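Biologist: Let's go through the labels on this model. I want to hear what stands behind each one.

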Amino acid sequence: MSSSGGDSVFPVPKPPQSGVKAALQYTGIPPSWLDKRPSLPSRNWLIFLGVTSSVIGYYIYDRQQSKQIRQQYVDKVKHFAHVPLHSLDYPRKVTVYGSKWPGDEDHDRSMKYFRKYVKPILVAAAVDYEMIGGKRHGDLARRIAEEIRSQRRIALGLDNPPQMPVILPNSSPEDRRRRALEGGIIIVGRPTLKEFMAGLKQGWSNSLDVVDREEQLSKELENDGRFDEPEPEPSADGSDVDGEPIPTASRLPSSIPVSPFTPLQFRGPAPPPPSDQIPSSMNSPPTQIPPQPPILFVPFLNLIGFTQIPRMIWDFFNERHKVRAGAEGAYWLVMNQTRPFTAPPPEDLRQNAFADADPTTSSGQPDLSEITPSDLDFDRGIEAYYKQSLIKLFASDIEKVRAEYYSALPAKLETARALARGAREPTKEERNYPPPTEVELRAERMKKELRWRGDEQGWDIIKPEKDAEWDERFRNVLKVFVAPSSDADDTIERSTPS
């Protein structure tokens, strides 16, 4: 082809493709994609990739460090699992206590912490354990107190020891007591410490009388008038149509039960005291208590609330600190080196400290923790992480719920009594969904009062302004696990969180 200028124009042929492009040009991929030259990502992509890779890298680093720390402590104690055990002997066993964290609906949170951070080291050392927790505040304290009272009654011969169906070797009470002292106690968190010390003091101080909480509460609630029927208003002359007085509760003979709170329970003179009461010499608290198993304190912090989200994020990327704390505590327990419990100052020193306190200060009270550090102050700082709404409104919330329940109770009672006596026919809704009877309402009230009063007593134990309980009889009796002195120069390097 020729042009008017005499020059011929021919299309420039494309260079032949080879390699990957030649193989992919028949797959339907657009040719522009094959000719695309790579370039650096944009500024926004660089920021995204940099932040994402940093976060993922720090997470992977933290988990790798956690595995290494746990494995280091496992290697230090795993030789205990290979020590031969006599065929008639038992492995070492410890008791783990964990209470409900204030404001958390999951009552088992402390036990989950133990299973994740402390248990692996105990398992590696072939140390058995028993976990005891409380579903509500105060449950752990009541259980410990009841166990101690039961031991005291058995020791004084008031109760018989539990009979085993098969008598096993080394299963006598003395052998069980020896194994308990050789084992230890693990306390997870400060709320557990407060409940443990409260239960320990109550168990060694309260009387040995067997008290049923439900029976005791039923006697308190029997005559409070909540289930009394209102007396009908008398007529003008004070009599009915036949001239007889209206048989109200106040006019009934004393031999007839006024309020059927409990079957066979009549209002009248108090029953005579039982003849098998415990002598005062046996029922008085002992002046000295026997040795107790050593204690291991495991720090535990449970973050709850919107304001704690930054700390939650920090904890998520610093798991190694929890792993180190739990593994280190378990290692101390396995090595079984103890020291005496650091007790608070005696009462006379406390009085002198208060007498020497400067009245011009804001509180006018001395800081006894600075005078003598005590193990009762273990993990005191975590109480600052409690929900402030819980601290301020715990008791008032219970009172509010109680008031609402009792305000609605008369209407429920009126309905239950009217249906039971046939005073009116049940409605269609009441036929489909029968309302509770009076007996059911009494049982419901008993259950609610037990829960409310138990929560109030438990909160009174663990609230931040309340110190842990102490008894001078515990001095020189309690012990605490500490780091082995032989490993002082071979301590695993720690990184303190900022």
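Biologist: Which residues form one aromatic cluster with Tyr 58?
Modeller: Tyr 59, Tyr 61, Phe 316 and Phe 317. The model is predicted: local features need pLDDT of at least 70, side-chain atom pairs count only at pLDDT 80 or more, and totals for chains, interfaces and linings use all residues. Numbering runs from 1 along each chain as its sequence is written, and side-chain values use heavy atoms, with hydrogens and water left out.

Biologist: How many aromatic pairs does a search of the whole structure find?
Modeller: It finds 20.

Biologist: Why is the pair of Tyr 58 and Phe 317 called tilted?
Modeller: Rings of Phe, Tyr and Trp (its six-membered ring) pair if their centres lie within 6.5 Å; planes under 30 degrees apart are stacked, over 60 edge-to-face, the rest tilted. Here the centres are 6.3 Å apart and the planes make 50 degrees. So the pair counts, and as tilted.

Biologist: What does this pair tie together?
Modeller: Tyr 58 is in helix α3 (residues 43-77), and Phe 317 is in the loop between α11 (309-316) and α12 (319-335), so the pair joins parts 259 residues apart in sequence. Helices (H or I, at least four residues) and strands (E, at least two) are DSSP runs, numbered from the N terminus.

Biologist: What makes Tyr 58 partly exposed?
Modeller: Its relative accessibility is 33%. Buried means under 20% relative accessible area, exposed over 50%, partly exposed in between (1.4 Å probe, protein chains only), so Tyr 58 falls in between.

Biologist: What puts the buried residues of α9 on the same side?
Modeller: In α9 (residues 213-222), these are Leu 217, Ser 218, Leu 221 and Glu 222. They cover an arc of only 135 degrees around the axis, so they share one side of α9. The arc is taken from the directions from the helix axis to the C-beta atoms.
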